Amino acid sequence: MRTAQLLTLLLPWCAAVYTPGTPGAAWTTDEVLIVKAKLWRMFSSDEAERMVREGTPASPGNDSDIYAGSKGSLFTIAPKALRQGFHDCLRYPDGSGGCDGCLSRLNMWHTFDKNPHDGYFNYPDQTGGDNNGMQALSDLLEGIYIWPAYPSRTPSLQVSLKESGKSRADLWALAAIASVEYGIDTTNMVCRHATSEYNVGGCPQRDDETDCQIEMERAFVFKTGRKDCSFEAPSEDRPYWHDMDEIHPNPHGSGRITQDFFKEHFNLNSREVVALMGAHSFGKMRTPTSLFHFGWTSVNQPLFNNRYYRILRNDDSWYIPTTDCNKIGNAVGDLPQSKMMIKANGDSIGGGPIQFMRYQDACPDCEHPDDPNYGGAECCAPENIPEGLMCNPECQRYQIVEGSAE
């Protein structure tokens, strides 16, 4: 027994420095827990920027301004880690690649200037994807990969992951797993009406229901042995970026196109594809990064739940236009009905991006005069609201959440 304990302690010191193209070494339970603690600090509100100011291998000057041109790079880090976990597994045109600890830098730092209104038709059609927006995340993960004590205020490894033979791809996979765990824990906190400075935001639709909290049927199984890519990196300070083409799904693809993509490149069946797409409950889109104007969910972004599926099913739900999570119904206070309508923004040559928008037949917001969703005195003044109603019934209409539509 004593010998086994000593071998466990010595294992990180005995492993060779990781060589790209070879399987990553196995992780001990302690290493997984220590790295998860580092990841949870990175996911927490405002902590990513503080970590950048400590320095990363790509920004040793402790300068967060290098990400100024990448809108939102230092925010919603947990959803980005899940996104990066998937993008890391995309393949190259020759069929190689997949979960290799490397990202194409195509369109990195590119910014779309938002047009003043619809109908400019001045951008190319968005028929593929890229890794834009993940710059800060990949840099932060590299700090965790090569510096055993990074970041501060977290447990330290005996030796860095790289020096103990771990692959970068395995770290990125663990970050994706931890991001979902973080999102579920954040969701359950909000469902219990618990607050924390490290888990800020999110409005669950079902916090008054018994099924609001998420109970996982089993814990995730973290498997190791992934191989990092061995491309010659175009930049010494970012060996995890490359200039190879990657095959991304078409964001405008139909259900059949999406299903065929995942069948061809990941051998996933329809049920597995639907399950994977549920990740879009988490996080948001940003126009400067993707040209898309609207997210999959409105005030659900930091929460990991089934909101995405409920929207696809067009379930009736509360209208929540503000981050204080005030639930608004129709004029008599019931759940408002919903409908989906298509919207072409006219930003690209072909008229896109094209998105289905969710409209709710609800009263306007009557509590925040400075909010774009505010209904005004005509709808909200007490003298204009009949007794027993929630708003002037003439103001009940199908509407979106201005500034954060679904």
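Where does Cys99 lie? Cys99 is found in the loop between α4 (77-87) and β1 (103-104), where helices (H or I, at least four residues) and strands (E, at least two) are DSSP runs numbered from the N terminus. The structure is a predicted model, in which local features need pLDDT of at least 70 and side-chain atom pairs count only at pLDDT 80 or more, while totals for chains, interfaces and linings use all residues. Residues are numbered from 1 along each chain as its sequence is written, and side-chain values use heavy atoms, with hydrogens and water left out.

Cys99 has a phi near 50°, a positive value in a residue other than glycine. With a relative accessible area of 25%, Cys99 is partly exposed; buried means under 20% relative accessible area, exposed over 50%, and partly exposed in between (1.4 Å probe, protein chains only). Phe121, in the loop between β1 and α5, also shows a positive phi, of about 50°, although it is not a glycine. Phe121 is partly exposed, at a relative accessible area of 45%.

Cis peptide bonds come next. The bond from Tyr150 to Pro151 is cis, with omega near -10°, and Pro151 sits in the loop between α5 (135-146) and α6 (168-191). Gly352 and Pro353 are likewise joined by a cis peptide bond, with omega about -5°; Pro353 belongs to the loop between β3 and β4.

The strands β3 and β4 also matter for the surface. A nonpolar patch there is formed by Met340, Ile342, Ile354 and Phe356, which together have about 400 Å² of accessible area. β3 (338-344) and β4 (354-362) are the elements that give two or more residues to this patch. Patches are made of residues with over 30% relative accessible area and no salt bridge, with like charges joined within 9 Å and nonpolar side chains (Val, Leu, Ile, Met, Phe, Trp, Tyr) within 5 Å. Accessible areas come from the Shrake-Rupley method with a 1.4 Å probe, and for residues only the protein chains shown count as cover. A salt bridge is a side-chain nitrogen of Lys or Arg within 4 Å of a carboxyl oxygen of Asp or Glu. Phe356, in strand β4, is exposed, with a relative accessible area of 56%.

Finally, helix α7 (residues 255-266) packs against helix α8 (residues 270-277) at an angle of about 105°, with the axes 10 Å apart. Axes are lines fitted to C-alpha atoms, for helices over the stretch in contact, and angles run from 0 to 180 degrees between N-to-C directions. α7 and α8 are therefore roughly perpendicular to each other, a term for angles of 65 to 115 degrees. Thr258, Gln259 and Phe262 of α7 meet Ser270, Val273, Leu276 and Met277 of α8 in this contact, meaning heavy atoms within 4.5 Å.

Notes
Parallel < 35°, antiparallel > 145°, perpendicular 65-115°, else oblique.
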